[in-house]
Structure formats: structure tokens, C-alpha cells
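This report covers a ligand shell, a set of paired strands and a domain division. The sequence and the structure come first.

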Amino acid sequence: MKLSTWEFYISEAVRSLVRNRLMTVASVSTVALSLLILGVFLLGAVNLNHIAGTLEQQVEVSAYIDEELEEEAVAEIVAMVKALPGVREATFVSKEEALERLKEQFGERQDLLAGLEENNPLRDALEIRTISPEDVTPVVAELKEIPGVAKVSFKEEIIQRLFALTRAIRIAGLAIVLLLVAATVFLISNTIRLTVFARRREIGIMKLVGATDWFIRWPFLLEGIAMGFLGSLPAIALVVRFYVWLTTNVYAALPFVPLLSPTEVLRQLNLLLLGLGLLVGGLGSAISVRRFLRV
Amino acid sequence: MISFTGVTKVYPKGVSALTDVTLKIKKGDFVFLVGPSGAGKSTFVRLLLREERPTEGRIVVDGVDTAQLRPVDIPFFRRKIGMVFQDFRLLPERTVAENVAFALRVLEVPRREILRRVPQVLHLVGLSHKSRAKPAELSGGEQQRVAVARALVNNPPILLADEPTGNLDPETSWEIMSLLSEINQRGTTVVVATHAREIVDRMRRRVIALENGRVVRDEEKGAYGCEA
Ligand SMILES: Nc1ncnc2c1ncn2[C@@H]1O[C@H](COP(=O)(O)OP(=O)(O)OP(=O)(O)O)[C@@H](O)[C@H]1O
Ligand SMILES: [Mg+2]
């Protein structure tokens, strides 16, 4: 393909975009809005997934131990717990260790925990992992029977809920995204239909003088792809700004919420949004070129 | 150059536009295609351009059997035929030179070649001085000259015109026909479907007369004919 040919395609596409600027602006805005919503959904989904995964890796059941107990008594309890059916692993974590961990989680905001060493509010605990999630309930029941265990807590439920939420968001997100993509493709194809109509004279002449089908189609396809591209740019800019803003604030206010860092997610997300913009634009114009450009 | 053998065209609704047409047009011929409205002249043109396919019969153009053409071949086939219509079919927002150049640009002719050929062909049709004008600034005759220039700029072996003077006054019509005749003199095969009785009678060229889709007359140095 010659350079001058591409110049021709591009100049025809630009001519058409400018001539139908109202429709162009409408289509580009729709692409931008759809991609923006899609981006936000994806960020929500990957982060919820990440949070649930992180929580799952953490302890499933914690048994807090009476503070007055002697070391031997504690060791006895550990042995008893390890022998319980359904228990895979039981580790003793002193309250000092627990505080250290908390500090790590807080990262740069450790200052929030200052002074806790002298007056450690945490308790010695046994962290227990079960063989399977179904074992959690019976194990919890057994633990409560053991004298010297002051309190039992488990995160299973919250993790399950998080996973359920992630699934729900993924399904709802997918539905919304499909809907948005379909609407966007439709709008672009409609715009291209109008430009095909507006340029039927040119098309007629091109056919008459013997232009090949693809030569006639390319400017329209480029026009759609250009609309997709133009729409993806503001979407990407807004998604980036939103996520940087969100993570900055969450890291500052809620440092223990394990959000993915912008550098971890944004590059891939941006590529995805860009690719999807181009795809949606190309697909929309392809539909109209197929249906309305009888060459 | 052009040969029709037993060509019949029946449109989907059952209208029989051409019936058993057999004729030959040799390279370098100048042919008028005449006949009353609905006789099948435009159908003849559309068959030649391969916009329609014959229901029966064979059409061979410049050695190509049009029935053998695959869809991808059609654009290349059309490059053999320069086409002129009654309504000019120019692009209103482009200048004369751009309109002519457009036909070459869509054929991916190199820019340098376009810059060489467009002034040449505009000179041939006598419009060098109007190359920067828009179609709306031209008279009907001038617009038709632009259309002729566009049809010719790629040097097709055949020039086909469907009522090229239908929208023009008699004097301008004569000028356009003279131009087509001049082009024929330079070696192009020219086929003109027309109603312009006086011109046909005056030019004394080959006349093929259609009536109800049949060839009723085919004469060298013919006239439009008495009826119709
Ligand atoms: N696309 C079509 N579908 C159905 N019938 C058609 C179609 N095109 C032409 N016809 C019919 O075929 C016949 C021949 O039409 P054609 O256009 O070839 O005539 P013509 O000689 O060019 O007439 P005119 O001098 O008025 O332009 C007419 O009866 C017309 O109604
Ligand atoms: Mg006609």
C-alpha cells in the first residue's frame, strides 16, 4: 500500500469527521463514557479480588488466650488445638509479635501505633488454619470448649462475603460493560451509516471509476477507529486521575486496605481501554460498511 | 471491442428490458444508441459496466467475458470504461482539477503522474482556465466537460455516455458531441446513448436503434429514424 493511499484515506476520514462533527462529538463522548465506566468497574473488581485474596491468606481462625495463663498451660492448649480434627496448622503468636505485624501493615503510617508498646492492647493468640473451609465451624465450636481460650474469632464469613461481592460485581460489571459496548458499537455504526449516506456521491463515483472495494471501505473504517481512539484518550486520563486520587486517599486514611498500587494496574488497564476503544470503533464502522456500503 | 451475443435482460419484477440483443462494436468505433424512453438504452449501459448481469447471453468487453468476472475483478474491469452521465456526477465541494484528480487518486496513481495528466486532459476538454473553479461556478456544458475529462483521465479504451446532453441546450449539446467525436478520432471507442435527434442526424455515425428491448436498426452513417 502506497503512502499517498494512506494520505488519501486519512484525509477522507478527517474530512468526514469534520463534516459530521456533531455526530463525531456524540460518538467520541459515548466511547469515552463507556470506557470510563468500564475502567472504574475493572478497578473495583481487581481490587476486591485482591483484598479477598489477601484476607484469605491471613489467618482463618484466631483463638485468644486468657492473659493470666502460665506458659505450660499455654503449651498444653496449643497441643490440644493441634490435635483437634480438621486443624491443619496452629501457631502461637504473642501479643508483641502481633503488634509488629500490625506495624508492618501500617507501613509508613506507623506513627498511628506509637506508644502501643508500653500498653499493648493486643492479646496472645493461636492462629489456626483448617484443612478445609467446612472445618471452620466445628473447630470454632471445639475451641470454645477449651478452658483458657478467652475468645474465638474467624474471618471465614467476611472472606466469603467479599468473594461473593466480587463475583456479583464481576457479573454486574460484565453485564453493564457488554451493554455499554453494544450501545457504543451501535452509536458508532449509526454515525458511520450517516457518513456513508453523506458520501454516497463519492462512493458512487469511486465505484464508477474502478476503485477497489477495500479502497472505498478503508476511510470509513479509519473514521470509526479514529472515533474509538479519540474516545479512549479522555477515558484513560480520567481513570488514571481517579485511581491515583483514590489510592492516595485510601493509603493515607485506611492504610490496612490492600489496594493495588497505580503502577501495578494502570498500565495494563490503559492498554486494555485503548485497545477496546479501537476495537469498538472498528467494529461499529465495519458493521455499517458491511450493511450500507454495497460495493 | 464490445460484443453482445443473444443478450436478454429481465428485471426481477418481470420487466424484459433487452431481448436477444446481438451486436459488435469494433475498436475505434463511434456508436449512437437511440430509441424511445424505456427502450433499454440505460440497461445496455448498465450491462456493459457490469452493474447488472444479463439473464441470458454473453457480453465480451475488450477480451473479457463479463460472466467470468469475480466481484474482486469488477473494479479493474471498470477501469476499461470511462463513463459520462446526464447529471454530470461531480463532487460539489471540490474544484474541477480535484474532481478529475479524484478518479486517479482512487486508483492509486502516483501523485506525480496525477499532476501531469490532469492538466493534459483539462486542456483536451478546453477547461484549463477553470481548473480551480467549483462545479457550481460552471455552466452545464462546462460541468459535462469536467465529467468527460474525469472519464478520460485514466485513458480507458472505451468511453460510454448515457444521455450526456440530456440537461444541455442544443448548442452546448453539439459542443459536447463534437468533443466526444474528437476523442473518438484519437482512438477511443465511444458509445453514446441519446435522444438528441438533430445531432445524430447531423453527425452521420453508426446508429443502433432499440425499441422495446430489441435492436430494430443498425446502420453505418445512420440517422435517428422517423418514428419515436
Ligand atoms: N432496476 C430496474 N428494475 C426493474 N425494471 C427496470 C429497472 N431499470 C429499468 N427497468 C425497466 O426496463 C426498461 C428499460 O429501461 P431503460 O432504463 O433501459 O430505458 P432507457 O432506454 O434508458 O429509457 P430512457 O430513454 O427513458 O432513459 C423500462 O421498461 C424500465 O421500466
Ligand atoms: Mg436511460
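Two strands pair if DSSP finds at least two bridges between them. Helices (H or I, at least four residues) and strands (E, at least two) are DSSP runs, numbered from the N terminus. The model is predicted: local features need pLDDT of at least 70, side-chain atom pairs count only at pLDDT 80 or more, and totals for chains, interfaces and linings use all residues. Residues are numbered from 1 along each chain as its sequence is written, while chains are lettered from A and ligands numbered from 1 in the order in which they are written.

Strand β9 of chain B has the two pairings tabulated here.

β9(B) and β10(B) make a hairpin with 2 residues between them, and Asn212(B) in its turn has a positive phi of about 45 degrees.

The shell around ligand 1 includes Tyr11(B), Lys13(B), Gly40(B), Lys41(B) and Ser42(B); a residue counts as near if its C-beta atom, placed from the backbone, lies within 6 Å of the molecule or strand. Helix α1 (residues 41-48) of chain B contributes the most to this shell, with 3 residues. By class, the shell has 4 nonpolar, 6 polar and 2 charged residues. Ala, Val, Leu, Ile, Met, Phe, Trp, Tyr, Cys and Pro count as nonpolar, Asp, Glu, Lys and Arg as charged, and the others, Gly among them, as polar.

Chain A is divided into domain 1 (3-55 + 160-292) and domain 2 (59-154), with bounds from an automatic or database domain assignment. The centres of these two domains of chain A, taken over C-alpha atoms, are 49 Å apart.
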